[in-house]
Amino acid sequence: MKSGGRFSYTQAQLRQFAADVLAHAKRLGASACECDVSEGQGLSVTVRKGAVDTIEHNRDKGIGVSVYLGERPAARRGHASTSDFSAGALEQTVAAALAIARHTAVDDCAGPPERELLARDVPDLDLYHPWALGTEEAIGIAQRCEAAAFALSPKIRNSEGASVSAQHSQFVFANSLGFMGGFPTSRHSLYLSVIAEEAGGMQRDDWYSAERVPAQLARPEALGRYAGARALARLRARKIGTRQAPVLFEAPQAALLLGSFVAAASGGNLYRKASFLADSLGRQVFARGVSIEERPHERRALASSPFDEEGVATRARTVVRGGVLEGYFLGCYSARKLGMQSTGSAGGNHNLSLQSDGPDFRGMLKRLGRGLLVTELLGHGINLVTGDYSRGAAGYWVEGGEIAYPVEEITIAANLKDMFRGIAAVGSDVVVRGSRRSGSILVENMTIAGE
């Protein structure tokens, strides 16, 4: 995987910096050391109402060093970082990390990964696709996107901005166990948020596209029209009375719901007993038809990686099978706290996919019948300790399997344990949002609080 001349350093140079850090750590008395060397560069442009709002060129670099004094179960850890890649700065950074380690408490779970967990084969997952995007071209793309929304209707009166971003980065991670690996990556995106107005009422909506490969981004005009159509559809929204009803989470909101599951099943919350999913392995936590897979080795996917942030090999696995929880998301530290083994999840999950074998979006509306379609969630009313879920929402009331009218100023509430077990269907209308992909999710029953 070649990075060309886009970066200031070659992969070989980054590897040499990492090797120098490890050598300094050994010479200065560290029992073990981990080092992450990275650099990135990119361009982001935002246009608002046809005029350039912001132009940002970013270029950054950094080295993070973690050192350990002593062996588990009596290790101390210290961490320091620098953006100076000079030989003297690298040695000073290692010394600073060691000084911190000498003053920290002994932690029986601190230390690098077990050697057998480290990635040995590092396949090329085709994650780097540079975009030679100039400033004027980026401005033009953003303007075309926004103009397409305004052209839909005179009711599109304002814009919160159309943004285009092209980002490139590379890294090398190494540790004193002999692991060293790294590669360049790219991530490009297009986003638009517009405001529609009618009879004194205003509604906003947005849409975005993000890809490793610039040619796979949504066409600017198509994305602009879709964002504009979404805003127009929300005009003349109504309030509704409090009731119990089934709720259909549109695919992007369903991905957020999947994110709540990831948080509850992640090591930090689990070993602190701050999750309703603590001690739930092997238990039925979702409806029987729900399966969730993690696929870290998909080529060109946004969350693919052959190893996690600790160098532990990632692997494809089924996290939920037939509603039964089969796996958590653990890095080495949280795994040791729980008496388990790392799942290669230091830094987060990798391409988590909710099995989506239900009907398309129209079919999901038919399955909903009479209830609420949620297209926007507001606030952060989620208690991971108890599972209590309460969030502001907006969307559409559905009658007879058809959208009847838009609704706003409502709150939806339930408990995540009941919501997960109450999933009646997952649609085939799949979207990817960061590290998660999901179709729309139909939950059998929730409290909808309105007027």
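Glu-114 and Arg-72 are joined by a salt bridge in this predicted model, with 3.0 Å between the closest N and O atoms; the term covers a side-chain nitrogen of Lys or Arg within 4 Å of a carboxyl oxygen of Asp or Glu. The two partners come from distant parts of the chain, 42 residues apart: Glu-114 belongs to the loop between α2 (87-102) and α3 (135-150), and Arg-72 to the loop between β2 (51-69) and β3 (76-82). Helices (H or I, at least four residues) and strands (E, at least two) are DSSP runs, numbered from the N terminus. Both side chains are partly exposed, Glu-114 at 24% relative accessibility and Arg-72 at 39%, where buried means under 20% relative accessible area, exposed over 50%, and partly exposed in between (1.4 Å probe, protein chains only). Residues are numbered from 1 along each chain as its sequence is written. Local features need pLDDT of at least 70 and side-chain atom pairs count only at pLDDT 80 or more, while totals for chains, interfaces and linings use all residues; side-chain values use heavy atoms, with hydrogens and water left out.

Across the whole structure, the search finds 27 salt bridges. One of these joins Arg-236 to Glu-198, at 3.2 Å from N to O. Arg-236 sits in the loop between α4 (220-233) and β7 (243-249), and Glu-198 in strand β5 (residues 180-198), so this pair ties together parts that are 38 residues apart in sequence. With a relative accessible area of 58%, Arg-236 is exposed. A further salt bridge brings Arg-321 together with Glu-326 at 2.9 Å, N to O. Here Arg-321 is partly exposed at 47%, and Glu-326 is also partly exposed, at 38%. Shared partners also build a network of salt bridges, which takes in Glu-160, Arg-204, Asp-205, Asp-206, Arg-230, Arg-234, Glu-250 and Glu-376.

Turning to the aromatic side chains, the count comes to 16 pairs. Rings of Phe, Tyr and Trp (its six-membered ring) pair if their centres lie within 6.5 Å, and planes under 30 degrees apart count as stacked, over 60 as edge-to-face and the rest as tilted. Phe-7 and Tyr-128 form a tilted pair, with 5.9 Å from centre to centre and 35 degrees between the planes. Elsewhere, ring pairs link Phe-171, Phe-173, Phe-179, Phe-183 and Phe-307 into a cluster.

Charges also sit over rings, a term that asks for NZ of Lys or CZ of Arg within 6 Å of the ring centre and within 35 degrees of the ring normal. Arg-243 lies over the face of Trp-397, 4.7 Å from the ring centre, and the charged end of Arg-433 is placed over Trp-207, 4.8 Å from the centre of its ring.

The largest pocket holds about 980 Å³ of space. On a 1 Å grid over the protein atoms alone, a pocket is an open set of points where a 1.4 Å probe fits, with protein on both sides within 12 Å along at least five of seven lines, and lining residues have an atom within 4 Å of a point. Its lining counts 39 residues, with Asp-308, Glu-309, Glu-310, Ala-346 and Gly-347 nearest the centre. β1 (32-48) gives the largest share of this lining, five residues.

Methods
Points joined across faces, edges and corners; volume = space filled by probe spheres on them.
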